[in-house]
Amino acid sequence: MACPLCGHVLPKDAGSCDRCDWVRAPNADTAEGKASDLVAVMLSVIPGLGHVYKGYRLLGLLFVTGAFGAILLGALAATATAGFGLALIPIYWFAVMFHVYGIEDRVAPTEKDEGEEY
Ligand SMILES: [Zn+2]
């Protein structure tokens, strides 16, 4: 399938796009043994941890790295905008939490790992 937002080619039934903010609308039916969206969001106090919890290790690592970037960027922007740049940091946090809430969890993978298709 292709991402409806950016057209990036995604694995079939992908829950989200790794190139943009597109997230598949959450399904109404909740499968047994599903990772809790709420727990994932709370874990996102440390950006990326919620993603790791849901099974997205690579993405989680990316968000942890991104958090440092956001803090650095926010601090840098803050010096130039008399503190307004600090707003970037909570926005990043919110975006990460929003994202981890929306993505499908991969906690229970099939025994035969089909490999990361990022
Ligand atoms: Zn996309």
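In what order do the elements of the chain run from the N terminus on? They run α-α-α-α, and the chain has four helices and zero strands. Helices here are DSSP runs of H or I of at least four residues, strands are runs of E of at least two, and both are numbered from the N terminus. The model is a predicted one, in which local features need pLDDT of at least 70 and side-chain atom pairs count only at pLDDT 80 or more, while totals for chains, interfaces and linings use all residues. Residue numbers start from 1 along each chain as its sequence is written.

Of the 118 residues in the chain, 19% count as buried. A residue is buried if 20 or more other C-beta atoms lie within 10 Å of its own, exposed if 12 or fewer do, and partly exposed in between, with C-beta atoms placed from the backbone. Two residues are in contact if their C-beta atoms, again placed from the backbone, lie within 7 Å. Among the contacts in the chain with a separation of 6 or more, 41% are between residues 24 or more positions apart.

Before the helices comes a segment that includes Asp 13, which is placed ahead of α1 (37–43). The phi of Asp 13 is near 65°, a positive value in a residue other than glycine. Asp 13 has 8 other C-beta atoms within 10 Å and is therefore exposed.

Helix α1 holds both Leu 38 and Val 41. Leu 38 is exposed, because 10 other C-beta atoms lie within 10 Å. Its C-alpha atom is separated by 9.5 Å from that of Met 97, 59 residues apart along the chain. Val 41 has 17 other C-beta atoms within 10 Å and so is partly exposed. From C-alpha to C-alpha, Val 41 and His 99 are 8.7 Å apart in space and 58 residues apart in sequence. Not counting residues up to four places away in sequence, Val 41 touches Gly 50, Met 97, Val 100 and Tyr 101.

His 51 belongs to helix α2. This histidine is buried, because 26 other C-beta atoms lie within 10 Å. Leaving aside neighbours within four places in sequence, His 51 is in contact with Tyr 56, Leu 59, Gly 60, Phe 63 and Val 100. The C-alpha atoms of His 51 and Val 64, 13 residues apart along the chain, are separated by 9.9 Å.

Helix α3 has 24 residues and reaches 35 Å from its first C-alpha to its last, close to the 34 Å expected at 1.5 Å a residue; the expected span is 1.5 Å times one less than the number of residues. Leu 59, Gly 60, Phe 63 and Ala 70 are buried in α3, and what covers the buried residues of this helix includes α2 (49–53) and α4. Phe 63 lies in α3 and counts as buried because it has 25 C-beta neighbours inside 10 Å. With neighbours within four places in sequence left aside, Phe 63 is in contact with Pro 47, Gly 48, His 51 and Val 96. The C-alpha atoms of Phe 63 and Leu 49 are 8.4 Å apart in space, and the two residues are 14 apart in sequence. Just after α3, Ala 82 takes a positive phi of about 55°.

Two packed helices are described by the angle between their axes and the distance between the axes. The axes of α3 (residues 57–80) and α4 (residues 88–102) come within 8 Å and cross at roughly 155°. Such axes are lines fitted to C-alpha atoms, for helices over the stretch in contact, and angles run from 0 to 180 degrees between N-to-C directions. Helices α3 and α4 are therefore roughly antiparallel to each other, where angles over 145 degrees count as roughly antiparallel, those under 35 as roughly parallel, 65 to 115 as roughly perpendicular and the rest as oblique. The crossing in which α3 passes α4 is right-handed, meaning that the near helix is turned clockwise from the far one by less than a right angle, anticlockwise being left-handed.

Which residues of α3 and α4 meet? On the α3 side they are Phe 63, Ala 67, Ala 70, Ile 71, Leu 73, Gly 74 and Ala 77, and on the α4 side Leu 88, Ile 89, Tyr 92 and Val 96. By class, this contact has ten nonpolar, one polar and no charged residues. Ala, Val, Leu, Ile, Met, Phe, Trp, Tyr, Cys and Pro count as nonpolar, Asp, Glu, Lys and Arg as charged, and the others, Gly among them, as polar.
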